[in-house]
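Student: I am new to this structure. Please take me through one part of it closely, the place where the two chains meet.

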Amino acid sequence: MKILKNIALSDTGFVFNPSTGDSFSVNPIGLSILKDFKDGKSEADIKKRLLSEYQTDRETIEKDLYDFMKMIEQLHLTEYHEQA
Amino acid sequence: MKKQLYERPLIQRINTGLMNKFGTKTEYAPTSHIDGFAVKDLIKEFGSPVFVLSEQTIRNTYREAVRAFKTRYPRVQFAWSYKTNYINAVCNIFHQEGSWAEVVSGFEYQKAINNGVPGHNIIFNGPDKTDEDLRAAITNNSPIHIDHLDELYRLTELAEEMNKRPNVAIRVNMDTGIYPMWDRFGFNYENGQAWDAINKIMLGERLELIGVHCHIGTFMLSPQAYATAAFKLSDLALGIKKKYNKTLQYIDMGGGFASKNTLKGSYLPGTDTVPTIDQFAEAITTAILNAGFIEKDLPLLILETGRALIDEAGYLLGSVIANKRLSDGRRASIMDFGVNILFTAFWYDHKISPAQEFSSYTEDTVMYGPLCMNIDVVRSNVTLPPLKKDDHVVVHTVGAYNMTQWMQFIAMRPSVVLLGIDGKAHLIRSKEGLENIEMNEVMPEFLKNHQLSVANAK
């Protein structure tokens, strides 16, 4: 998944889309995922990292990451060609 | 390295400068314990969902209401409204506190008798009393509140037949300045129906008129309406004294005081808008005291308060079955309780708290029940922390009507547990099972067997 290049991420969880003027709040784990995507990491890499860092299981990460990625798409924070 | 606590990733659009239709209040303060009992332990022992009632809160609320009225008026009697919650253990808490019983059906009447309430302390209200009910009430000297002329005439016939003089009151409806005006119970004050009924009783000489009663509404938010009703009932009582030299024993103001729940569509929460019991007490007692009774004729003031005495004592504990994302991006949580057991979800925005610690991040959520029915919505929008499957929640202020209006529909009715002042959790009603559903069914002989063929199976 490719996050729009001009999206601004602050360390406090504030997300800004300068193209639309929309702003968003994101929790710490969500912020770390957005940063990973911005850094070009793959979905599989992110899952692996989350599993190693958090007290949870693979299935939960699988479901929640899927849901989060759908939200990012719905909020128009991804590259256009991925939103279809 | 120690792993961090997991929380589902969340992202939400920030809408600055716009009113948030979901309200400003978030419910991320967890309710992990009720009266010292851990929610997770209660669910482990009694299952999920489970209704929980706090004995301490019931008793405290009752005593507070009694104090509010008895410090303002010399003669006050509460009568527990059985229809609000007629689990016997609950009824007996109120009876232990000194409350009479107020019933609206034959089976409720029998429950009160079985609970050991003396007949003369059971007020029989309601529009539907069978001959059998009326005979029992006459035999036990219970006050019978007459709802309509058909009942008045039937009661007169039964009095003759049984050679008894039943104790009766008339139910009176009236304009108290609120909309909609409840005019379906009893006889109207303004158009003279109430006086017609009084005259028939007094001149008929078969029934003993001992009181007047009203039931002006439910979830009333205006103490002034009660002041108006109390004044009009007092006017009837004083008129009866003047016309027939008859002193009535009581004025019964019925029920209807609001609890602290928030009605759907309310701008402010119920905790901020609902009058206190002291405000209702002040309005009613002032109206009666100023009506013109001489001191020795001051009637007993009866209150059939239900909702306001039990709602805050009740909690529904439940669990998340699943989470999903709706087509418009809203989060939806499916709970293991729905409108089948939380009937009041149709008219309240119930306060719902998570039962475990969360961070301060929240999400607007639609909360659905488990039924395969579109109407099964517990909260159409509530701001909650990210709940995951099997997390527990606590629904607050559910003690009134849910444990009587609940439906056996698709899912079974759950256990009810009383958190006792003895520090123990007591099961006061067991979870229902298939045997409860089928116990009244009868299978005709010709339908007992069948053999599905492969063709039929298609």
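**Where chain A meets chain B**

Tutor: Across the interface of chain A and chain B there are 3 salt bridges, a salt bridge being a side-chain nitrogen of Lys or Arg within 4 Å of a carboxyl oxygen of Asp or Glu. One of them joins B:Arg325 to A:Asp67, with the closest N and O atoms 2.6 Å apart.

A word on the basis. This is a predicted model, where local features need pLDDT of at least 70, side-chain atom pairs count only at pLDDT 80 or more, and totals for chains, interfaces and linings use all residues. Residues are numbered from 1 along each chain as its sequence is written, chains are lettered from A and ligands numbered from 1 in the order in which they are written, and side-chain values use heavy atoms, with hydrogens and water left out.

Polar contacts cross the interface too. The rule finds 14 residue pairs in polar contact, both at pLDDT 80 or more. Such a contact is a pair of N or O atoms within 3.5 Å; within protein, one must be able to donate a hydrogen and the other to accept it, and residues adjacent in sequence count only if both atoms are side-chain atoms.

Which elements of chain A give two or more residues to the side that touches chain B? They are β3 (22-26), α1 (28-38), α2 (43-53) and α3 (58-74). Helices (H or I, at least four residues) and strands (E, at least two) are DSSP runs, numbered from the N terminus. α3(A) gives the most, with 7 residues. By class, this side of chain A has 14 nonpolar, 10 polar and 4 charged residues. Here Ala, Val, Leu, Ile, Met, Phe, Trp, Tyr, Cys and Pro count as nonpolar, Asp, Glu, Lys and Arg as charged, and the others, Gly among them, as polar.

Now the totals. In all, 28 residues of chain A are in contact (heavy atoms within 4.5 Å) with 19 residues of chain B. The area buried between the chains is about 2,400 Å², and carbon and sulfur atoms give 55% of it. Buried area is the accessible area (1.4 Å probe) that two parts lose on being put together, summed over both.

Strands meet here as well. β3(A) pairs with β1 (residues 11-13) of chain B in the antiparallel sense, over 3 bridges; strands pair if DSSP finds at least two bridges between them. A:Ser25 stands opposite B:Gln12, and A:Val26 has B:Ile11 as its bridge partner. The open sheet has 4 strands, in the order β1(A)-β2(A)-β3(A)-β1(B), with antiparallel pairing. β1 (8-9) of chain A and β1 of chain B stand at the edges, each with a single partner strand, so one side of each is left without a neighbour in the sheet.
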